[in-house]
Amino acid sequence: MKKILKNPTPAVEDAITKSKKRTRKVSQSKPQPAFTIGDIEDFQFKEDEVKEIRASLLKWYAVNRRDLPWRRINDSDDEDKDRKAYAVWVSEIMLQQTRVQTVVNYFNRWMEKWPTVHHLAQASISDVILVLELQIFCFFKTECFYFYFLQLPSTL
């Protein structure tokens with residue numbers, strides 16, 4: 001049976017409280033890097049460096065770019081520019097939810113059904129939902145498509 005002291009002396013009280021306290025571990029500070037890297041926006045590149053970086057990126061892109069259907073649309077005249085803008089818009093919305101290789105087939109079917117924003121604006125909601133269900137767009141909620149695709153004026 002433990003004996004509880006009533007009104008202990010200051011020395012005893014001090015010993016009791018010290019024994020209950022945990023010792024605090026002092027964390028050692030992390031080593032600081034020899035230099036720090038700021039945000040890319042903070043860098044000031046010389047004009048020749050900018051040209052070199054651009055050329056390097058374009059060279060890399062020419063070798064590594066993927067052949068994607070929305071990149072194949074020629075935009076030589078205004079009508080083609082609108083069609084390409086619509087195709088890129090559709091692809092961007094589809095790509096928000098899944099990988100590129102998954103989107104390509106869905107994109108191609110979508111563009112066959114509604115090749116322009118004018119065709120889509122004339123489509124019924126039930127048609128769009130049917131296509132989405134058939135394409136198994138389970139990663140999209142229908143409301144998302146209503147927001148992006150069906151809020152278009154029917155007079156486009």
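Me: What is the relative accessible area of K84?
Reply: This is a predicted model, in which local features need pLDDT of at least 70, side-chain atom pairs count only at pLDDT 80 or more, and totals for chains, interfaces and linings use all residues. Residues are numbered from 1 along each chain as its sequence is written, and side-chain values use heavy atoms, leaving out hydrogens and water. K84 lies in helix α3; helices (H or I, at least four residues) and strands (E, at least two) are DSSP runs numbered from the N terminus. Buried means under 20% relative accessible area, exposed over 50% and partly exposed in between (1.4 Å probe, protein chains only), and K84 is partly exposed because its value is 22%.

Me: Which residues does K84 contact, leaving aside neighbours within four places in sequence?
Reply: Contact means heavy atoms within 4.5 Å. W70 sits 14 residues from K84 along the chain, with a C-alpha separation of 6.8 Å. The contacts of K84 are W70, R71, I73 and D75.

Me: How many helices does the chain have?
Reply: From the N terminus on, the elements run α-α-α-α-α-α-α. The chain has zero strands. Its helix count is seven.

Me: What share of the chain's contacts with a separation of 6 or more joins residues 24 or more positions apart?
Reply: The chain holds 156 residues, of which 21% are buried. Among contacts with a separation of 6 or more, the share from residues 24 or more positions apart is 54%.

Me: At what angle do the axes of α3 and α4 cross?
Reply: Axes are lines fitted to C-alpha atoms, for helices over the stretch in contact, and angles run from 0 to 180 degrees between N-to-C directions. Under 35 degrees counts as roughly parallel, over 145 as roughly antiparallel, 65 to 115 as roughly perpendicular, and the rest as oblique. α3 and α4 are therefore oblique to each other. The axes of α3 (residues 78–95) and α4 (residues 100–113) come within 10 Å and cross at roughly 135°.

Me: Is the crossing of α3 and α4 left-handed or right-handed?
Reply: A crossing is left-handed if the near helix is turned anticlockwise from the far one by less than a right angle, and right-handed if clockwise. The passage of α3 past α4 is right-handed.

Me: Which residues of α4 meet α3?
Reply: The α3 side supplies Y86, A87, V90, S91, M94 and L95. The α4 side supplies V100, V103, Y106, F107, W110 and M111.

Me: How many nonpolar residues are in the contact of α3 with α4?
Reply: Ala, Val, Leu, Ile, Met, Phe, Trp, Tyr, Cys and Pro count as nonpolar, Asp, Glu, Lys and Arg as charged, and the others, Gly among them, as polar. The contact has no charged residues and one polar residue. The nonpolar residues number eleven.

Me: Is S91 buried or exposed?
Reply: S91 is found in helix α3. Beyond neighbours within four places in sequence, it contacts W70 and F107. At 0% relative accessibility, S91 counts as buried.
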